[in-house]
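User: I have a structure open and I'd like to go through it with you. Can we take it one piece at a time?

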Amino acid sequence: MPFNLTSKQKQSLTWLGVALAFILLLSLLGPILMPFIVAAILAYVLNPWLDRLCQLRFRNRQLPRPIAATLMILFVVACILAIVLIMVPILQKQIPLLHNQIPLFLDKLNTTIGPLLHDFGIQANIDSEGIKALISSHLSSSGDVIGKAVLSSIRVGGTAVLGMLANFILIPIVLFYLMVDWHALIARVRNFIPRRWLAQTQSWFKEVDELLAQYLRGQILVMVVLACYYSVGLAIAGFDLALPVGILTGLLVFIPYLGFGLGLFLALISAVLQFSDLHGLIAVAIIYGAGQALESFFLTPKLVGERIGLHPLTVIFALMAFGQLFGFIGILVALPASAVLSVAAKNLRISYLNSSFYRQSQ
């Protein structure tokens, strides 16, 4: 028996098909959408600050939005360059030291741990000479290896390198136009929403906006507090690289679990390179253990809020899923995107429980 569809149902199916075709087109254009997605995320984050900046008066006139957007983009670029300038000296200083200090640390570890294991009947001996030879063979020519790898990548993947550079150049350009026309673009999107869904959709968007605003403000505060904590803690423990390692650890906190692991790895390398005994490793264990407890039990619940909280397994799955789908950018947006999806899932669950399909008993 053929289905008799009303005109409204036919229109709904037509526009549903248009929406599915649009989603399919976006998936096909995925490789070129990266700069636009990154620019849109940055525009959303920076827009409240841009609005405040535009309210500033200069000679009894408000600051024009294009000029304010330019100043905001320059500030973001300066922050990124500052992070790069912090990381590069660390790598330049630590890689040569790694060649000399790790064998000495292994000798010290062998003389310290070996007798303790011997008391328990365990015969273990670290072949420090063999490890020293292995490290020497790999790190002594690290500069040549890196240079050859860069040249090889340029020869083999020159198009990919040029595409990456083009994306980095395109992101601030797209960001500028999005920030200047942000409110007009939001109004245009609102006009496309069917009128019978407008109130409910605006309610959902308002809830999502409040959720993301709470997350972003809280996460920035957590990053600042932890950067100060790790920098001061490592400085008290006598680390030469306390400031850069502490700042990087605090900034990397916005990547759940992975950020803490990378910061801990940097601190452990610094401890191995600087200290000839276990003092550095013990200090790192105390500082980072206390820092993780401070973040998990006080800072995140108080500053970010339990409303954002997701189950640890959900966070791990979100990091892996978004990383697989969108690469490193996906890892960066995994947690806020998961929070947004949780709002959508909550509203869909409410709609499902209130539907006749669920309530019908027979």
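**Salt bridge and other features**

Analyst: Arg65 counts as buried, because its relative accessibility is 16% and buried means under 20%. Keep in mind that this is a predicted model.

User: What does the side chain of Arg65 meet in a salt bridge?

Analyst: The partner is Asp51, and the N to O distance is 2.9 Å. Side chains of opposite charge can pair when their charged atoms come close.

User: Is Asp51 buried, exposed or partly exposed?

Analyst: Asp51 is partly exposed, with a relative accessible area of 22%.

User: How many salt bridges does the structure hold?

Analyst: One.

User: New topic: confidence. Where is it lowest and where is it highest?

Analyst: The lowest mean is 47, in helix α5 (residues 142-156), and the highest is 87, in helix α7 (residues 182-192). Over residues 145-150 the pLDDT is below 50, and that stretch has zero contacts in the model beyond near neighbours in sequence. The average for the protein chain is 75, with 72% of the residues scoring at least 70.

User: OK, the surface. Which residues form the nonpolar patch?

Analyst: Leu13, Leu16, Leu20, Phe22, Ile23, Leu25, Leu26, Leu29 and Ile32. Together they have about 850 Å² of accessible area. Helix α1 (residues 7-28) gives the largest share, seven residues.

User: Take Leu20 then. Buried or exposed?

Analyst: Leu20, which is found in helix α1, is exposed, with a relative accessible area of 51%.

User: Last topic, rings. How many aromatic pairs are there?

Analyst: The count is four. One of them is Phe176 with Tyr177, an edge-to-face pair with 5.4 Å centre to centre and 80° between the planes. Phe176 is partly exposed at 23% relative accessible area, whereas Tyr177 is exposed at 53%.

User: And why is the pair of Tyr229 and Tyr230 edge-to-face?

Analyst: Their planes are at 65°, so the pair is edge-to-face, since that label applies over 60 degrees. The ring centres are 5.1 Å apart.

User: Are those two buried or exposed, or partly exposed?

Analyst: Tyr230 is buried, with a relative accessible area of 0%. Tyr229 is partly exposed, at 25%.

User: Which residues do ring pairs link into a cluster?

Analyst: Tyr229, Tyr230, Phe260 and Tyr288.

Definitions and conventions. Residues are numbered from 1 along each chain as its sequence is written. Side-chain values use heavy atoms; hydrogens and water are left out. pLDDT is the predictor's confidence in each residue, from 0 to 100. Helices (H or I, at least four residues) and strands (E, at least two) are DSSP runs, numbered from the N terminus. Contact means heavy atoms within 4.5 Å. Patches are made of residues with over 30% relative accessible area and no salt bridge: like charges are joined within 9 Å, nonpolar side chains (Val, Leu, Ile, Met, Phe, Trp, Tyr) within 5 Å. Accessible areas come from the Shrake-Rupley method with a 1.4 Å probe; for residues, only the protein chains shown count as cover. A salt bridge is a side-chain nitrogen of Lys or Arg within 4 Å of a carboxyl oxygen of Asp or Glu. Buried means under 20% relative accessible area, exposed over 50%, partly exposed in between (1.4 Å probe, protein chains only). Rings of Phe, Tyr and Trp (its six-membered ring) pair if their centres lie within 6.5 Å; planes under 30 degrees apart count as stacked, over 60 as edge-to-face and the rest as tilted.
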